[in-house]
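Let's read a protein model together, one feature at a time. Keep the picture open while we talk.

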Amino acid sequence: MTLSSLLLLLFAVFSSAAGQIMLKHGMRSAAAAAEHGGGSLVMRATTTPWVVIGLVVFAVSAVAWMSTLARVPLNIAYPFNALGYLLIVLASSTVLHERTSPWTWGGSLMVVAGLVTVMAGRQG
């Protein structure tokens with residue numbers, strides 16, 4: 001895998017995770033607004049900036065992912081989604097202040113250990 005392919009893959013994973021965090025933050029706000037002010041959750045979501053930005057970032061990540069798939073074998077690219085999982089758990093805990101159990105952290109680290117195992121096997 002070339003450096004440019006690796007950077008594109010990492011961009012796809014990081015931007016996907018960022019988009020998910022933005023969507024969660026925006027939907028939390030949209031749900032609260034719909035509950036307190038009435039109206040449709042869908043309409044509130046479509047006018048919530050974090051939801052709109054999150055969708056744009058997620059769309060950019062999808063284009064980056066498709067470009068990655070044109071350059072990198074799927075059996076190498078897909079395990080990198082484990083990094084996205086870890087990023088989302090980390091951000092949900094620190095940015096969104098969601099409760100995260102030791103079991104979640106342990107499982108997340110095991111998933112990343114799987115990525116390291118896949119990549120180590122690829123080098124050999």
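Q: What is the mean pLDDT of the protein chain?
A: pLDDT is the predictor's confidence in each residue, from 0 to 100. Here the mean is 92, and 98% of the residues reach 70 or more. This is a predicted model, where local features need pLDDT of at least 70 and side-chain atom pairs count only at pLDDT 80 or more, while totals for chains, interfaces and linings use all residues. Residues are numbered from 1 along each chain as its sequence is written, and side-chain values use heavy atoms, with hydrogens and water left out.

Q: How do I read the way helix 1 and helix 3 cross?
A: The axes of helix 1 (residues 3-37) and helix 3 come within 7 Å and cross at roughly 155°. Angles under 35 degrees count as roughly parallel, over 145 as roughly antiparallel, 65 to 115 as roughly perpendicular and the rest as oblique. Helix 1 and helix 3 are therefore roughly antiparallel.

Q: What about the residue classes where helix 1 touches helix 3?
A: Ala, Val, Leu, Ile, Met, Phe, Trp, Tyr, Cys and Pro count as nonpolar, Asp, Glu, Lys and Arg as charged, and the others, Gly among them, as polar. This contact has 17 nonpolar, 12 polar and 1 charged residues.

Q: Where do helix 1 and helix 5 meet?
A: Contact means heavy atoms within 4.5 Å. Leu10, Val13, Phe14, Ala17, Gln20 and Ile21 in helix 1 meet Asn81, Leu83, Gly84, Leu87, Ile88, Ala91 and Ser92 in helix 5. By class, that's 9 nonpolar, 4 polar and no charged residues. The axes of helix 1 and helix 5 (residues 81-94) come within 9 Å and cross at roughly 35°.

Q: Is Thr68 buried or exposed?
A: Buried means under 20% relative accessible area, exposed over 50%, and partly exposed in between (1.4 Å probe, protein chains only). Thr68 has 1% relative accessibility, so it counts as buried. You'll find Thr68 in helix 3. Beyond its neighbours within four places in sequence, Thr68 is in contact with Leu8, Leu9, Ala12 and Ala77. Across the whole chain, buried residues make up 30% of the 124.

Q: And what does Leu69 touch?
A: Leaving out neighbours within four places in sequence, Leu69 is in contact with Leu74 and Ala77. Leu69 is also in helix 3 (residues 49-71), but it counts as partly exposed because its relative accessibility is 37%.

Q: Where is His97?
A: His97 sits in the loop between helix 5 and helix 6. Its relative accessibility is 67%, so His97 counts as exposed. Look at its backbone too: phi of His97 is near 60°, a positive value in a residue other than glycine.

Definitions and conventions
Helices (H or I, at least four residues) and strands (E, at least two) are DSSP runs, numbered from the N terminus. Axes are lines fitted to C-alpha atoms, for helices over the stretch in contact, and angles run from 0 to 180 degrees between N-to-C directions.
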